[in-house]
Amino acid sequence: MVIAVASGKGGTGKTTIAVNLALSLENVQYLDCDVEEPNAAIFLKPSIRKRISVVIPIPDFDETKCTHCKKCVESCAYNALVLLANKIMLFPQLCHGCGGCRYICPESAITEQNRQIGLIEQGPAGGIDFIQGLLNVGEPMATPIIKQQRKLIDKEKIVILDAPPGTSCPVIETVRDCDYCILVTEPTPFGLNDLKLAVDTMREMRVPFGVVINCSDIGNGEVKNYCTNENIPVLLELPWNRSIAEAYSRGEPAATIIPEMKKDFHRMYNTILTKICA
Amino acid sequence: MNVCISSTGKDLSAPVDPRFGRAQLFLFVDTETMEYECIANPAITAGGGAGTKAAQLVADKGAQAVLTGNVGPNAFSALSAAGVKIYAGMTDTARQAVEKFKTGQVPPVSGPSAGAHSGMGGR
């Protein structure tokens, strides 16, 4: 069972929902896929036991073989190569590591070398198998890290993927092929606007989904109206609660200070199970 | 001298396009005769790397200078490595940019004048 927790808008409470869901269930694996700014570790406090370097292959040119035919430059979909007077110039941060240039080079002048772009850390957090991806500062591409993180998914467990915000490539990479996606939103015009984008994305990807409304007693009722009109299940509504906010600021999950909340999250999990099996 | 101007129109009376990588058109101008060639920017719809792709065109056409509004980090690196001098901050028409360049009113830039993705219209 693989469940992603995503949102359109940032700051709606993805990590809050994902962490508390994880703490409310048994046999959980948690993947923080928000590799540009992972923060679930603040709440789950894992003991990191394993570190895996994430690399992408970038081309290396043998100048003695290169005839400057420009085929590699023309084939690069990411414009990472430029042919100057008599030298190929590589822009490593534009390179997606697809290997196309090496494939197309008629002179076999291209080999590949690994460039490290980030790290994956793994270790236990209580009973949870915790994994987080960390993209190096200044690196533009998050997806190779998420792709490698996903290879560590243990299908014997309930796998919770804490997705990055938005609807761009890193989100797609996190949510693809999941059994279910929880979309966390807030009942504000901003929340609704970005929720609609996230809903469009889920429908395009054919991933079943439901909505959690965080801080459900602020803002207005438009998110709920939208969900009703669009036949989208509202899995959980969490009213604003100062003690949860205070605990959050200390790095303590809501379910730790209000253990009864685990029942709500467990109920939500059961709702999700019925949605998937239906 | 062969100079490249990022342009919003097909002749020298058109305003300079403030973007380099995402410029609409490029005018390659012979500064002695003021004869020019207009080429559509192949990088305008690039998913990424518009700056490097546009710089490749400039290098291929053998221009020795670029006159534009702003140039980003990748385009700056590629053009510099190709030995192309970059004159940023150009406004008004392409013809006026050439005049400014010829009379030495603007010094070449020593670094990128805009961040990555600046020509993407706030996306």
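**Close-up 1. Helices α1(A) and α11(A) are roughly perpendicular to each other, because their axes cross at roughly 90° and angles of 65 to 115 degrees count as roughly perpendicular.** This is a predicted model, so please read each view with that in mind. Helix α1 covers residues 14-24 of chain A and helix α11 covers residues 261-277 of chain A, and their axes come within 8 Å. On the α1(A) side, look for A:Asn20, A:Leu21, A:Leu23 and A:Ser24. Facing them from α11(A) are A:Met261, A:Lys262, A:Phe265, A:His266 and A:Tyr269. Sorted by class, this contact has five nonpolar, three polar and one charged residues.

**Close-up 2. Chain B meets chain A through 12 residues from chain B and 10 residues from chain A.** On the chain B side, two elements give two or more residues each: α1 (50-60) and α2 (73-81) of chain B. Which one gives the largest share? That is α1(B), with five residues. By class, the side of chain B that touches chain A has six nonpolar, five polar and one charged residues.

**Close-up 3. The largest nonpolar core has 117 residues.** Within this core, A:Val5 and B:Val66 have the most contacts. In chain A, the core draws at least three residues from each of domain 1 (2-27 + 157-277) and domain 2 (57-116).

**Close-up 4. Here are the contacts of B:Val66.** If you set aside neighbours within four places in sequence, B:Val66 is in contact with B:Cys4, B:Phe20, B:Val58, B:Leu79, B:Val84, B:Ile86 and B:Tyr87.

Technical notes. Residues are numbered from 1 along each chain as its sequence is written. Chains are lettered from A and ligands numbered from 1 in the order in which they are written. This is a predicted model: local features need pLDDT of at least 70, side-chain atom pairs count only at pLDDT 80 or more; totals for chains, interfaces and linings use all residues. Axes are lines fitted to C-alpha atoms, for helices over the stretch in contact, and angles run from 0 to 180 degrees between N-to-C directions. Helices (H or I, at least four residues) and strands (E, at least two) are DSSP runs, numbered from the N terminus. Angles under 35 degrees count as roughly parallel, over 145 as roughly antiparallel, 65 to 115 as roughly perpendicular and the rest as oblique. Two residues are in contact if their C-beta atoms, placed from the backbone, lie within 7 Å. Ala, Val, Leu, Ile, Met, Phe, Trp, Tyr, Cys and Pro count as nonpolar, Asp, Glu, Lys and Arg as charged, and the others, Gly among them, as polar. A nonpolar core is a set of buried Ala, Val, Leu, Ile, Met, Phe, Trp, Tyr and Cys residues joined through C-beta atoms within 7 Å. A residue is buried if 20 or more other C-beta atoms lie within 10 Å of its own, exposed if 12 or fewer, and partly exposed in between; C-beta atoms are placed from the backbone. Domain bounds come from an automatic or database domain assignment.
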